[in-house]
Amino acid sequence: MSTTPLPLAPPLPWHDEADLLGVRVRVYFFDPVEVDARADFVGRQLPILQGAAARLLAPEGQRATYRASGLQAQPDAVLAHGNGLLCLGYKGGDGRLFEPARWRQQWRIDVMLQAIASAMAVAGQCQQPTAALWRGPNVLCQFDPGSPVLECLATHISAARHYWREPEVVSPAQLASFCEPRLRVLPGLTAPEPATA
């Protein structure tokens, strides 16, 4: 179970990137009024692709369930793109617009970890490279987790199930909540200050 950044050519025009808690986060800011008015799903939810071929695996609004090694996820959308998959979340978060100069301080680690855990379930079930993406009100993010993050999430599924008293499966939200404090104490991983209201 791993997520892998997909080789996309030409390089995507990310506006900024940073390492947050062992994850390389790339961000693309957009005008929500213009983007939300687009007719097609890919244009609305993945504005950075600008017409690149991406195909929804399930009809818009229908969430498929993916399961791998005791982790069960229902991503908002999964798309085929190139030789892999895009696992997209666009629900969650607090709905606030992100400020390009302050996005690191506004960032919520739980949203990032849930997106990565969802992509792990998709990658595990489909056995394809899967990129973890999240679309907020005015930002699209790609998460490229390092080995310590993937290892922490993958090796704590059983413990998270026990903690949450789930006999069979744990959700990405439950796994993220269980693993976030463990990741915050790992040496060498930097985290932003917690988001403030």
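Predicted model: local features only at pLDDT ≥ 70, side-chain atom pairs only at ≥ 80, totals over all residues.
Strand 6 covers residues 77–81. Strand 7 covers residues 84–89, and the two strands pair in the antiparallel sense over five bridges. Together they form a hairpin, with two residues between the strands. Gly82 sits in the turn and has a positive phi of about 60°.

Strand 6 has another partner. Strand 3, residues 55–56, runs antiparallel to strand 6 and is joined to it by two bridges.

Now look at the side chains. In a regular strand they alternate between the two faces of the sheet. In strand 6, Ala77, Leu79 and His81 point one way. Val78 and Ala80 point the other way. Are these residues buried or exposed? All are buried. Five of the five residues of strand 6 are buried, so the strand is largely enclosed by the rest of the structure.

Next, turn to the helices. Two packed helices are described by the angle between their axes and the distance between the axes. Take helix 4 (residues 109–126) and helix 5 (residues 147–155): their axes come within 11 Å and cross at roughly 70°. That makes helix 4 roughly perpendicular to helix 5. Helix 4 brings Leu113, Ile116 and Met120 to the contact. Helix 5 brings Val149, Leu150, Leu153 and Ala154. What kinds of residue are these? Seven are nonpolar, none is polar and none is charged.

Stay with helix 5. Its buried residues are Val149, Leu150, Cys152 and Leu153. Seen down the helix axis, they fall within an arc of 160°, so they line one face of helix 5. On the other side, Ser147, Glu151 and Thr155 are exposed. What covers the buried residues? The cover includes strand 2 (23–29), helix 4, strand 9 (139–145), helix 6 (157–163) and helix 7 (172–184).

Finally, visit two loops. Most residues other than glycine have a negative phi. Leu21 has a positive phi, near 55°. Leu21 lies in the loop between strand 1 (16–20) and strand 2. Arg165 also has a positive phi, about 60°, although it is not a glycine. Arg165 lies in the loop between helix 6 and helix 7. Which surroundings does each have? Leu21 is buried, with a relative accessible area of 0%. Arg165 is exposed, with a relative accessible area of 75%.

Technical notes. Residues numbered from 1 in each chain as written. Heavy atoms only, no water. Axes fitted to C-alpha atoms, helices over the stretch in contact; angles between N-to-C directions. Helix = DSSP H or I, 4+ residues; strand = E, 2+ residues; numbered from the N terminus. Parallel < 35°, antiparallel > 145°, perpendicular 65-115°, else oblique. Contact = heavy atoms within 4.5 Å. Nonpolar A, V, L, I, M, F, W, Y, C, P; charged D, E, K, R; others polar. Buried < 20%, exposed > 50% of the residue type's maximum accessible area, 1.4 Å probe, protein only. Arc of directions from axis to C-beta. Pairing = 2+ DSSP bridges.
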